[in-house]
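The report below is meant for a reader who is meeting this structure for the first time.

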Amino acid sequence: MDFGYDAAHLLGTLVLLTSFALLYQRRLFALLNVFTVQALALSAAAAWQGYAHDEPHLYITALLTLTLKAIAIPVALHRIVRRLNIHRTVEPALGIGLTMLAGVSLVTLSILLVLPVTENATALTREDLALSLSVVLLGLLMMIARRNAVSQVVGFMSIENGLILAAVGVAGMPLVVEMSIAFSVMVAFIIFGIFLFQIRERFDTLDLRRIERFRGESD
Amino acid sequence: MTPFLPLVLGIPLVSALLLALVPGWRLAARLNVGASALTLAAALPLFAAEPAAGVFLLLDAFNVTLIGLTAFVGLTTSVFSAGYIGHEVESGTLNPLRLRFYHAMYQAFLFTMLLALSANNLGVLWVAVEGATLTTVLMVSLYRTAASIEAAWKYFILCGVGIALALFGTILIYLAAQPVMGPGMAAMTWTLLLEHAARIDPNILNLAFVFLLIGYGTKIGLAPLHAWLPDAHAEGPTPISAVLSGLLLNVALCAVLRFKMLLAANGAAMAPGPLMIAMGLMSLLLAGLMLYRRRDIKRFFAYSSIEHMGIVTVAFGIGGPLASFAGLLHMAMHSLTKSAIFYAVGHAVQVTGTQRIDGIRGLTVSHPALGWGLLAGVVAIAGLPPFGVFMSEFLLITSTFARQPLLALALSGGILLAFGALVLRVQQICFGEPSVGEAAGAGRPIHGTLVPLYAHLALVLLAGLWLPGPLVGWFQTVAALLG
């Protein structure tokens, strides 16, 4: 296999690896740092695909990912955590060992799911797709397995990272979609931000267990 | 393409921007009604326009029907909303700044729904549904109470994940189409995909459809992904509950149906019907059971919406000219009836000052016009003649009995289950000793007009008694289109 294939594969795998790393972080700041690494890897993957397939618009995707997800969002979340004086450790709803085990089975599942149905696509595309589905599923797992609102936000954004990885891996996907992802992440982040503030205001905590006491039905 | 379609999209978009600048809430409420009326006026000529497909927008008999419905319910809800918020301002639950935001978001929400309905590009469709989610999340949290923030958070997390899965499905569709149609915009354009569907790899299409059904299905409120729906309906302002139930669920279903048509055109892909029937039936039965335990009146009718979206999904899952016709009719009837019920519920909650069902009693005695209106709405939604919902349910069940008797049995069982719960509750809400006297403000008058409520009921009644020939012909065309 040629170098281009290897490099793309390496970067895709790096994104998946950081997804696993997100799962076992116990401290919020470490979580945000790992997320930054993931965004960097994704941005490099997008840029490399743009170079290898000669699709200049992927550079824009890479740049957007770099500025928004690797710089702006982690910086903002750091600030929020510091200013609101949020409890700095991550309380897992599911044990770390169990979470990792579930993560491994999810990756297996996505490989078993994607590889057989995409026999006609190129090797790079199908492996990229399997990797990105794994990242999406791991992001879902993280949202389920963590109680803290900030870690749920990070889980949500790592799902979006997986989606961008998929969009980048498919040759010639029109820019519209990637732009919209970047845009929606930003909007989503603003909304999440507002929510974090409001939740803080109302409950004095970002632990979602406390919020769930306020069921819609008061009986 | 007809110039009216860009107009239908442009009016709400421009109004959203303008309403963000209008300071007075009274003026804003009137402008909101005016803008919605203009949108409806621009939507009506679409029924006469030729079907057309551009790179981004599409016009066919199916989406014109839904665009017309959306514009109409958008208008009546804006009329209801004007009276509703008048009361909310007086009672001090909403301040003018939030109302400014509310009116701008109302028009933005209409815009995203109309865009999703008229999108021909899968990317645009996805962005529009995402936009509809974001605007409604903001409106559900409008009251800023603990419960409304929890509801909005739940809504956002669940639908955010759903939307992410739908995007993955969209990428898979592109991946499947790209070897056949070449890279670029063509492989994202729905009409072109439909033309080339037969040559697209069926395996990837199957996988994509599963993701799309789960993703957009979350927004339809199909079980087991419905958890956000009752909370969002109960905690947001009532006009938003009306448009959520009456319109947004239809928009998400429309998206799923587009992909169903794609699979059907492919031929070699799996039949999407059984999956849709399974999810629809599950929603129907689950919601039917859950209805019995509800104590909050808005949650109660939210579960009824899950039930009816289940019925519609089953109808389209069965497919064929008759079942699709029934599904389409039911979609329209449910939109009209359920939004009418939410208008009545909004008034009832305001006059009694509570959302708990046991706090709302004897409405026909204390507020006859409102009480009988609500009763008529519930009778209609329960599927009793002479209302239009009866027509569509009857049509669906009789046509299903001929093809799959067991399925028809399950379907009628679910409908009867919900029927029981509705009858049980409505008796207490509408008859007996009025509860209004107990609260501080005895016998408070109704704020705003009951015209939207009775306009919807009249339409549903008319559809139940007599469907005009041209309308039947139109629905048959659409049913043939849906397959």
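Helices (H or I, at least four residues) and strands (E, at least two) are DSSP runs, numbered from the N terminus. By that rule chain A has 8 helices and 0 strands. This is a predicted model, in which local features need pLDDT of at least 70 and side-chain atom pairs count only at pLDDT 80 or more, while totals for chains, interfaces and linings use all residues. Residues are numbered from 1 along each chain as its sequence is written, and chains are lettered from A and ligands numbered from 1 in the order in which they are written.

A residue is called buried if 20 or more other C-beta atoms lie within 10 Å of its own, exposed if 12 or fewer, and partly exposed in between, with C-beta atoms placed from the backbone. Buried residues account for 45% of the 219 residues in chain A. Two residues are in contact if their C-beta atoms, placed from the backbone, lie within 7 Å; among the contacts in chain A between residues at least 6 apart in sequence, 70% join residues at least 24 apart.

For chain A, an unreviewed UniProt entry lists several spans as "transmembrane region", including residues 57–81 and 93–117. UniProt positions are given in the numbering used here, feature names are shortened, and annotations may be inferred rather than shown by experiment.

| Span of chain A | Helix | Strand | Distance between end C-alpha atoms |
|---|---|---|---|
| Residues 57–81 | 100% helix | 0% strand | 35 Å |
| Residues 93–117 | 88% helix | 0% strand | 34 Å |

In chain B, helix 13 (residues 320–352) has 33 residues, and at 1.5 Å a residue it should span 48 Å, which agrees with the 46 Å between its end C-alpha atoms; the expected span is 1.5 Å times one less than the number of residues.

The axes of helix 5 (residues 123–145) of chain A and helix 6 of chain B come within 12 Å and cross at roughly 175°. Axes are lines fitted to C-alpha atoms, for helices over the stretch in contact, and angles run from 0 to 180 degrees between N-to-C directions. Angles under 35 degrees count as roughly parallel, over 145 as roughly antiparallel, 65 to 115 as roughly perpendicular and the rest as oblique. Helix 5 of chain A and helix 6 of chain B are therefore roughly antiparallel to each other.
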